[in-house]
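Have the sequence open alongside.

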Amino acid sequence: MSTPHNEAGKGQIAKCVLMPGDPLRAKYVAEHFLKDAELVNTVRNMYAYTGTYKGKQVSVMASGMGMPSIGIYSYELYKFYDVDSIIRIGSAGAYDKELKLFDLVLADSAFSRSSYARCQSGDRAEIQYPNTSLNARIQRAARDLELPLKVGRIHSGDVFYYEEGQPGIEYFRGEKGCLCVEMESFALFHNAKILRKKAACLLTISDSLVTHEVTTPEERQNAFTNMMKVALEAAVSNE
């Protein structure tokens, strides 16, 4: 079995996949947390690894940036590799002044003005939702690890650089209730919905659009370990 974007063979991808955007974050998870990790995809350098965590098989695969990219990879994992659950582990920019660098945010919904869902299936909803049971496992894992977790709506954006006059924090935080912004989860949640699979999104705050604090590229690649630990514990936990 393979696709135009994934050379992994049948049985080489676990039922639960952790999905960072950055291929080097996928590599970091595999090298630091998985036992006997095997590199099963290198197409376009979108690394995928499968190994074990606490004796259970887990895969980690990069999604790239943006909804079209995660739309392809998550759809193929669900449809052609029989993946049941995908937990996105990504970075986000804070809209809420209470969120600090490295805080963890679990999405209970994703708002977007993207046309992804409409073009893909005719779904015109501007809000997509994660799987509640998978979110519950993530919340339980965070409690067990004694790591604070903020739960709320996130904004999935198609654009990183906006021209002047476009909606900003006041609209996304004040009117739409979004805690932070990233660029993938709306498409992931939509794919999971139409394919009757499970998806969740766990984020680390990498910068703040309120205070303008930022993390370094190296920190975004290597220092989001609390998010990785929570996601891995959730991946191997029982329903």
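Predicted model: local features only at pLDDT ≥ 70, side-chain atom pairs only at ≥ 80, totals over all residues.

Residues are numbered from 1 along each chain as its sequence is written, and side-chain values use heavy atoms, with hydrogens and water left out.

**Helix 8 and its partners**

Start with helix 8 (residues 225–236). Helix 8 has twelve residues and runs 17 Å from its first C-alpha to its last, close to the 16 Å expected at 1.5 Å a residue. How many of those twelve residues are buried? Nine are, so helix 8 is mostly covered; buried here means under 20% relative accessible area, exposed means over 50%, and partly exposed is in between (1.4 Å probe, protein chains only). The buried ones are Met 227, Met 228, Val 230, Ala 231, Leu 232, Glu 233, Ala 234, Ala 235 and Val 236.

Helix 8 packs against helix 1 and helix 4, as the table shows. Axes are lines fitted to C-alpha atoms, for helices over the stretch in contact, and angles run from 0 to 180 degrees between N-to-C directions.

| Helix pair | Angle | Axis distance |
|---|---|---|
| Helix 4 (residues 132–144) and helix 8 | about 125° | 8 Å |
| Helix 1 (residues 23–33) and helix 8 | about 65° | 11 Å |

The angle between helix 4 and helix 8 is about 125°. That makes helix 4 oblique to helix 8. For the cut-offs, angles under 35 degrees count as roughly parallel, over 145 as roughly antiparallel, 65 to 115 as roughly perpendicular and the rest as oblique. Helix 4 and helix 8 cross in a right-handed way; a crossing is right-handed if the near helix is turned clockwise from the far one by less than a right angle, and left-handed if anticlockwise. On the helix 4 side, Arg 137, Ile 138, Ala 141 and Ala 142 meet Val 230, Glu 233, Ala 234 and Ala 235 of helix 8, with contact meaning heavy atoms within 4.5 Å. The residues in this contact of helix 4 with helix 8 split into six nonpolar, no polar and two charged. By that scheme Ala, Val, Leu, Ile, Met, Phe, Trp, Tyr, Cys and Pro are nonpolar, Asp, Glu, Lys and Arg are charged, and the others, Gly among them, are polar.

Helix 1 and helix 8 are roughly perpendicular to each other, and their crossing is right-handed. Arg 25, Tyr 28, Val 29 and Phe 33 of helix 1 make the contact with Thr 225, Met 227, Met 228, Lys 229 and Leu 232 of helix 8. By class, the contact of helix 1 with helix 8 has six nonpolar, one polar and two charged residues.

Leaving out residues up to four places away in sequence, Phe 33 touches Tyr 28, Thr 52, Tyr 53, Thr 225, Met 228, Lys 229 and Leu 232. The C-alpha atoms of Phe 33 and Thr 3, 30 residues apart along the chain, are separated by 27 Å.

**Helix 6**

Helix 6 (residues 185–195) is largely enclosed by the rest of the structure, because nine of its eleven residues are buried. Among them are Phe 186, Leu 188, Phe 189 and His 190. Arg 196 follows helix 6 and has a positive phi, near 60°.

Most residues other than glycine have a negative phi. Asp 36, in strand 2 (residues 35–41), has a positive phi near 55° and is exposed at 66% relative accessibility. Lys 54 has a positive phi of about 55°; Lys 54 lies in the loop between strand 3 (48–53) and strand 4 (56–61) and is exposed at 60%.

**Two serines**

Are Ser 63 and Ser 85 buried or exposed? Ser 63, in the loop between strand 4 and helix 2 (67–80), is buried at 0% relative accessibility. Not counting residues up to four places away in sequence, the contacts of Ser 63 include Met 19, Pro 20, Tyr 73 and Glu 184. Ser 85, in strand 5 (residues 85–94), is buried too, with a relative accessible area of 6%. With the sequence neighbours up to four places away left out, Ser 85 touches Lys 15, Cys 16, Val 17, Tyr 78, Leu 134 and Lys 198.

Technical notes. Helix = DSSP H or I, 4+ residues; strand = E, 2+ residues; numbered from the N terminus. Expected span 1.5 Å × (residues − 1).
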